[in-house]
Amino acid sequence: MFQVQKFAVCQREQIPTPPLPILPLPSYSQLKWQQRELIMFFHFGVNTFTDSEWGTGNENPAIFNPVGLDANQWVSTAVEAGVSLVILTAKHHDGFCLWPSKYTDHSVTGSPWKNGRGDVVQELVNAAKARGVDVGLYLSPWDRYDRRYGHDLQYNEYYLAQLHELLSRYGDVREIWFDGAKGSNAPNMSYYFTDWFAMVKELQSSINVFSDAGPDVRWVGNEKGFAGSTCWSTINRSSLSIGDGSIVGYLNTGDPKGTDWLPAECDVSIRKGWFWHKSQSPKKLSDLLEIYYNSVGRNCVLLLNVPPNTTGLISESDVQRLKEFRNAIDTIFSTNLAENCFLIRASSQRGGKGGGFGPENVLDSDHLWTYWAPGDHHDDHWIEIRGTDGGLRFNVVRIQEAIGLGQRIKRHEIYVDGKLVAKGSTVGYKKLHRLENGVVHGHVVRIKIKESKAVPLISSIGLHFDPYWHPKTVQ
């Protein structure tokens, strides 16, 4: 009996273990956020009714009267676009609150909407819960209405009181949005961000805090929806401060030597403005796809703003454009041509054949925890997909790293039948190469990892056809 047990232990010791992680690592909440890929912002408030982007704080709450407000329509629009998290501007710079805060009368309580008994936050929360969608909130630090603004102690107490209301009254909140936006003539004001972040984490255990400096999600450094062609999820938080315009380049690319896992979120509006304006129309589908490839396709999450109109609905033109956008994404990525390959092989694999880290892992449905891992003592890392007799015809290459064990790849190249068709630096959760010369038709696709912080771990590879991509007409 003792000998049988000993034999079993020896057999198990022969199964190769995963490689060590490369720190820093994402948290559970950061991983869940990354996998969302596309999330939605709702900019809504008094600006909607004044045809402005930044309110003055002098608006009469009586102008806020979205008689047909239907948060279920907002959420349905989000769900049809493939969105699982929606964020609402609970308070913008004008100081008007979309919920009945007991700390100010500058809110929905002074509005004719629902006779002053409405609560936009609650309506959104109810609609989202019914469809299984998560909710996030934006509470503007800059407040152009409240007289306490400019008085550090009083205003920070007021802000924390409202933060407590929002994070204790409405159930689970999955993202809270902070920024440093304020006008050049705004009073000097010190925000107690450390206090704010501490209270947020105290009240909501699984929340991600967004700001220029995290601590969970960072701003990408622009409002175009574009990340850097190099984009690390790692950065040094000690080099960041909220509202510092000099760091936008650093935010855009991240830092390969960064000690903090702080992935970037790309915020952009479907229209020219953030709030709804009758004179504006949604961006063209080609523009939205360009944004997608430069955000989701560069290791980021895309936060797309879709502003409700004065009726309280997402405009039909925006709804239709979002349907086109979702349909385009599904058309491009629902079929992975690599799955029909004749053979997939690699330069080496950890633990040898049958060890669990073979190249076949890049074609399964798990894009996080199954992966191809090369052997430790090899320098020339490549993975190769061989097509059937008919070959492979595609114009998009997708590569994903097993980021649960850290971000590693610094430089990579893609060859088709020995010819270089694309090259890049970082990969991260997802890298999308939309081939500059359009469709290629070949038999052997080889991805070479030229430089990496440690052995590269590739969790997924896709070869896709994008029928909307016509580089000759674009360039």
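In which sense do S1 and S2 pair, and over how many bridges? The two strands pair in the parallel sense, over 3 bridges. The model described here is predicted.

- S1 covers residues 38–42, and 5 of its 5 residues are buried, so the strand is largely enclosed by the rest of the structure.
- Leu38, Met40 and Phe42 point one way from S1, while Ile39 and Phe41 point the other way.
- Within S10, Leu303 is the bridge partner of Ile39.

**Helix H5**

- H5 runs over residues 120–131 and has 12 residues.
- From its first C-alpha to its last, H5 reaches 17 Å, which is close to the 16 Å expected at 1.5 Å a residue.
- At the N-terminal end, Asp119 caps H5, with a side-chain oxygen 3.1 Å from the backbone nitrogen of Val121.
- After H5 comes Gly132, whose phi is positive, near 70 degrees.
- The buried residues of H5 are Val120, Val121, Leu124, Val125, Ala127 and Ala128.
- As background, an α-helix has 3.6 residues a turn, so residues three or four places apart point the same way.

**The open sheet of 5 strands**

- Five strands form an open sheet in the order S11-S12-S19-S15-S16, and their pairing is antiparallel.
- Its edge strands are S11 (343–346) and S16 (419–424), each of which pairs on one side only.
- Neighbouring strands of this sheet are turned by 15 degrees against each other on average, direction ignored.
- Inside the order, S15 (residues 409–416) and S19 (residues 444–452) run antiparallel and are joined by 7 bridges.
- His412 stands opposite Ile449 in S19.

**The open sheet of 3 strands**

- Another open sheet has 3 strands in the order S17-S14-S20, again with antiparallel pairing.
- S17 (431–434) and S20 stand at the edges with a single partner strand each, so one side of each has no neighbour in the sheet.
- The twist averages 10 degrees from one strand to the next.
- S14 (residues 396–401) and S17 pair in the antiparallel sense over 4 bridges.
- In S17, Arg434 is the bridge partner of Val396.

**Ser459 in S20**

- Ser459 lies in strand S20, which covers residues 458–464.
- Why does Ser459 count as buried? Its relative accessibility is 0%, and buried means under 20%.
- A polar atom of the Ser459 side chain lies 2.9 Å from the backbone oxygen of His367.
- Not counting residues up to four places away in sequence, Ser459 touches residues including Asn361, Asp364, His367, Tyr371, Gln400 and Ala402.

**A span from the record**

- UniProt, in an unreviewed entry, lists residues 62–325 as "domain: Glycoside hydrolase family 29 N-terminal".
- In the model, this span is 30% helix and 14% strand, and its end C-alpha atoms lie 36 Å apart.

Notes:
Residues are numbered from 1 along each chain as its sequence is written. This is a predicted model: local features need pLDDT of at least 70, side-chain atom pairs count only at pLDDT 80 or more; totals for chains, interfaces and linings use all residues. Side-chain values use heavy atoms; hydrogens and water are left out. The expected span of a helix is 1.5 Å times one less than its number of residues. Buried means under 20% relative accessible area, exposed over 50%, partly exposed in between (1.4 Å probe, protein chains only). Contact means heavy atoms within 4.5 Å. A polar contact is a pair of N or O atoms within 3.5 Å; within protein, one must be able to donate a hydrogen and the other to accept it, and residues adjacent in sequence count only if both atoms are side-chain atoms. UniProt positions are given in the numbering used here, feature names are shortened, and annotations may be inferred rather than shown by experiment. Two strands pair if DSSP finds at least two bridges between them. Axes are lines fitted to C-alpha atoms, for helices over the stretch in contact, and angles run from 0 to 180 degrees between N-to-C directions.
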